[in-house]
2 protein chains.
Amino acid sequence: MTLIDGKAISAQIKQEIAAEVAEIVAKGGKRPHLAAILVGHDGGSETYVAHKVKACGECGFKSTLIRFEADVTEEELLAKVRELNEDADVDGFIVQLPLPKHISEQKVIETIDYRKDVDGFHPINVGRMSIGLPCFVSATPAGILELLKRYEIPTKGAECVVLGRSNIVGKPVAALMMQKAYPGNATVTVCHSATKNLAEICRRADIIIAALGSPEFVKADMVKEGAVIIDVGTTRVPSTVTKSGWKLKGDVDFEAVAPKCSFITPVPGGVGPMTIVSLMRNTLLAAKKAVYAD
Amino acid sequence: MTLIDGKAISAQIKQEIAAEVAEIVAKGGKRPHLAAILVGHDGGSETYVAHKVKACGECGFKSTLIRFEADVTEEELLAKVRELNEDADVDGFIVQLPLPKHISEQKVIETIDYRKDVDGFHPINVGRMSIGLPCFVSATPAGILELLKRYEIPTKGAECVVLGRSNIVGKPVAALMMQKAYPGNATVTVCHSATKNLAEICRRADIIIAALGSPEFVKADMVKEGAVIIDVGTTRVPSTVTKSGWKLKGDVDFEAVAPKCSFITPVPGGVGPMTIVSLMRNTLLAAKKAVYAD
């Protein structure tokens with residue numbers, strides 16, 4: 001069994017990005033600039049955004065954190081989005097989700113200029129990804145594919161079972177895994193709350209990508225000997241042993257499942273760190289105008 | 001075994017649309033207007049466009065057919081697309097594919113205003129469909145779902161195997177069949193040229209949607225007793241018994257497979273006529289500004 005070390009791979013990719021940025025800057029080019037909008041003080045969101053800002057530093061990016069209180073109006077938030085769309089110094093930006101209920105997340109996403117949409121959530125980027133055109137691929141699916149690639153895991157013709165059909169992970173990773181490319185070219189099955197015989201379907205899989213948000217959902221008897229397991233789950237569960245009072249749990253019963261696998265990602269330290277470097281890579285691509293010429 | 005009569009269903013839907021159009025016009029509203037651009041004289045394209053123009057008449061729509069010779073430049077074609085984008089009288093329009101090799105189909109598609117893109121090929125419509133937002137759903141996938149609905153075929157939790165991963169049929173129909181809606185909510189597997197054990201995967205399926213363009217590919221031993229078969233294939237094969245010298249063949253070996261099915265679409269007369277009425281429905285939606293307000 002090989003443990004997929006997302007932390008090590010992501011550190012390596014950040015170094016690669018930092019080296020490229022140093023070269024760009026040395027040649028007189030502009031330092032990539034990522035802006036992040038954070039609304040309110042949700043603990044998870046605070047942590048994610050702090051990690052993103054830190055990663056920007058490690059990659060040699062400029063970063064700007066824009067904060068709003070939870071009672072910001074939708075119009076104020078949209079005005080800021082439009083301002084960032086117009087700001088030539090900002091290469092890409094994100095609005096950290098979730099947003100307070102009085103604000104339409106979809107409206108915010110669609111107001112972001114798709115050429116600066118480094119989260120890859122705008123319908124144009126989603127559509128272009130599905131068609132197979134150059135685009136900003138959303139960070140978690142991109143991070144998963146990068147792990148498969150760095151560990152040279154064969155995917156062509158593999159049976160890949162995706163658990164979950166969210167817009168952020170399940171659907172896009174399914175779309176990518178079925179594309180005629182590496183990693184990809186897999187026979188993809190998407191399972192969800194209405195799926196029958198889920199355990200049986202999982203047992204067919206050469207690769208399981210679990211993105212349900214249901215702690216330890218995938219048990220050992222659902223996994224074929226030698227399968228590859230990618231665990232996207234990151235649910236906070238109460239813990240008496242951590243200082244914070246909680247810890248992250250994946251969608252996979254790691255202790256029981258790991259011995260059966262050829263490859264498996266841990267939680268934390270698997271997909272999570274890759275998500276952040278994928279955002280960094282998208283920001284670099286935006287700065288280089290490598291996806292959209294203008 | 002029930003034969004799914006796409007011809008009868010499509011006739012019924014055209015009547016429903018015509019009734020709605022009559023009502024709109026009686027109330028002083030504008031008659032829906034579909035424009036079609038046809039480049040060159042490909043036999044298949046000529047036939048498709050003629051059927052679309054005829055269907056417009058049956059639905060009470062105004063239609064405009066714009067022809068270009070095969071040597072039209074890309075810029076001339078794009079200029080016409082932009083003109084139709086601006087023409088307030090045109091509610092929706094299509095550019096019949098395929099286009100000559102010197103013209104970028106993707107560029108043409110992306111130049112169409114997505115609010116008039118009744119073929120549903122623009123990345124914005126593809127992306128919105130994937131996310132589950134209101135959009136123009138491309139005609140063939142929409143027609144397939146309409147057939148499942150009109151025949152009240154259960155789809156929730158069904159194993160649905162899609163053969164083919166084209167941007168026009170395979171990928172979008174897979175996206176629709178996995179959505180939390182009816183028809184949909186199925187456990188969807190997408191198979192393609194790299195798939196191993198394809199026959200075995202097909203045998204698991206409660207619903208097979210065959211969109212490979214490979215005549216009589218699906219044989220009886222690949223089909224579970226009681227399965228639902230949707231045959232999207234329409235390959236022209238030589239024939240000595242038809243006046244034209246050819247006939248349409250589906251992706252399914254109909255004679256052998258039909259006796260095992262609970263429902264099956266014939267070719268012709270199954271999915272084909274539904275594709276055209278889906279285009280008509282999209283045009284009606286465009287005229288009513290029911291998808292995009294403006």
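Chain A contains 10 helices and 11 strands, where helices (H or I, at least four residues) and strands (E, at least two) are DSSP runs numbered from the N terminus. The radius of gyration of chain A, taken over C-alpha atoms, is 19 Å, close to the 19 Å that the globule rule gives for 294 residues, so chain A is as compact as a globular protein of that length. That rule is 2.2 Å times the number of residues to the power 0.38. The model is predicted: local features need pLDDT of at least 70 and side-chain atom pairs count only at pLDDT 80 or more, while totals for chains, interfaces and linings use all residues. Residues are numbered from 1 along each chain as its sequence is written, and chains are lettered from A, with ligands numbered from 1, in the order in which they are written.

Along the principal axes, the C-alpha atoms of chain A fill a box of roughly 50 × 40 × 35 Å. Of the 294 residues in chain A, 51% are buried; a residue is buried if 20 or more other C-beta atoms, placed from the backbone, lie within 10 Å of its own, exposed if 12 or fewer do, and partly exposed in between. Two residues are in contact if their C-beta atoms, placed from the backbone, lie within 7 Å. Among contacts in chain A between residues at least 6 apart in sequence, 68% join residues at least 24 apart.

An automatic or database domain assignment divides chain A into domain 1 (27–121) and domain 2 (139–272). Their C-alpha centres lie 28 Å apart. Val118(A) counts as buried because it has 30 C-beta neighbours inside 10 Å. Beyond its neighbours within four places in sequence, Val118(A) is in contact with several residues, including Leu34(A), Ile94(A), Phe136(A) and Leu279(A).

Now for the pair of chains. Chain B is superposed on chain A by a rotation of 180° with 0.0 Å of shift along its axis (RMSD 0.0 Å), using least squares on the C-alpha atoms of residues with pLDDT of at least 70 in both. The two copies are thus related as by a two-fold rotation axis.

Where the chains touch, 27 residues come from chain B and 25 residues from chain A. On the side of chain B, H5(B) gives the most, with eight residues. Of the interface residues of chain B, 93% are also interface residues in chain A, so the copies meet through the same surface.

A sheet also links the chains. Three bridges join strand S6 (residues 187–191) of chain A to S6(B), and these strands run antiparallel; two strands pair if DSSP finds at least two bridges between them. Thr189(A) stands opposite Thr189(B) in S6(B). In total, 12 strands form an open sheet with mixed pairing, in the order S1(A)-S11(A)-S8(A)-S7(A)-S5(A)-S6(A)-S6(B)-S5(B)-S7(B)-S8(B)-S11(B)-S1(B). Its edge strands are strand S1 (2–3) of chain A and strand S1 (2–3) of chain B, each pairing on one side only.
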